[in-house]
Amino acid sequence: MPKPKSKKNSEILAAFWARFIDWEARWEGPTGRFILEQLRGHNCRKVFDAALGDGCDTINLLRTGEFDVRANEIDEAWREKAMETAAAENHPLDGKVTDHKWQLDNFPELVGNGFDCVLCLGNSLTYLENESDRLKALQNFRELLRPGGILLIDERNYQPLLDKRKEVNKQKMPNSHVKDRFKFKYSGEYVYCGKEVHGFPCLSQQRYRIQIPR
Ligand SMILES: C[S@@+](CC[C@H](N)C(=O)[O-])C[C@H]1O[C@@H](n2cnc3c(N)ncnc32)[C@H](O)[C@@H]1O
């Protein structure tokens, strides 16, 4: 997952994100149903959204009136967009900014706060490109959770992309009808549900292998 290169780049991403994910379709479809089922099934009320983005999940949870949600977003442009939307709907959104590893030293009031659930959706953990950083982030998430609390992460299945990387890397960017012409396809039913804006890989690399001990 590339990091935004500039403030402008973040602003552009934050502005079109809703058309890529389609808030309603994400929350009325299997993704929203799954999240609600998990939260209700585990008696969750206090939720920490670790990667707020444009606010889709946090605001949809606040709309139900069932959850007390706090959120975190590292990028100002995304955070502002989410806070604006929340304010327009009169939702009290407490948006924090932590560092790249979700280090919580600057926010001692969050640690041990007994969140029932931490959400890290939209492939956000992969912003951390090395394994020890991801592990540190996961430890930080654990610090936030009450015993028995749940962590919901969604992460792209990269293996099929890596398996087809020769084709992916040869693929030229199509001018139109991306979804029909590009070899990489996704259903549009989970997480990224937009009908007008589609994502696709420009370059696929396998830079390391994971050794699984026998
Ligand atoms: C691909 S977007 C996903 C946003 C949202 N969770 C969703 O599913 O629509 C990834 C978001 O994670 C944020 N992010 C990445 N690393 C972060 C960190 N360490 N702390 C907080 N936010 C982070 C990015 O700025 C971006 O807004």
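The model is predicted, so local features need pLDDT of at least 70 and side-chain atom pairs count only at pLDDT 80 or more, while totals for chains, interfaces and linings use all residues. Residues are numbered from 1 along each chain as its sequence is written, and side-chain values use heavy atoms, with hydrogens and water left out.

**Cysteines**
- Looking through the whole structure turns up 0 disulfides (a disulfide being a pair of cysteine sulfur atoms within 2.5 Å).
- For C56, the closest cysteine sulfur belongs to C193 and sits 8.6 Å away, too far for a bond.
- C56 is buried at 2% relative accessibility, and C120 is buried too, at 0% (buried is under 20% relative accessible area, exposed over 50%, partly exposed in between, using a 1.4 Å probe and protein chains only).

**Helix α4**
- Helix α4 spans residues 56-64 (helices are DSSP runs of H or I, at least four residues, numbered from the N terminus).
- Of its 9 residues, 7 are buried, so α4 is largely enclosed by the rest of the structure.
- Those buried residues are C56, D57, T58, I59, N60, L61 and L62.

**α1 against α5**
- In α1 (residues 7-21), S10, E11, L13, A14, A15 and W17 meet A77, W78 and K81 of α5 (residues 76-88) (contact means heavy atoms within 4.5 Å).
- That contact splits into 6 nonpolar, 1 polar and 2 charged residues (Ala, Val, Leu, Ile, Met, Phe, Trp, Tyr, Cys and Pro count as nonpolar, Asp, Glu, Lys and Arg as charged, and the others, Gly among them, as polar).

Definitions and conventions
Axes are lines fitted to C-alpha atoms, for helices over the stretch in contact, and angles run from 0 to 180 degrees between N-to-C directions. Helices (H or I, at least four residues) and strands (E, at least two) are DSSP runs, numbered from the N terminus.
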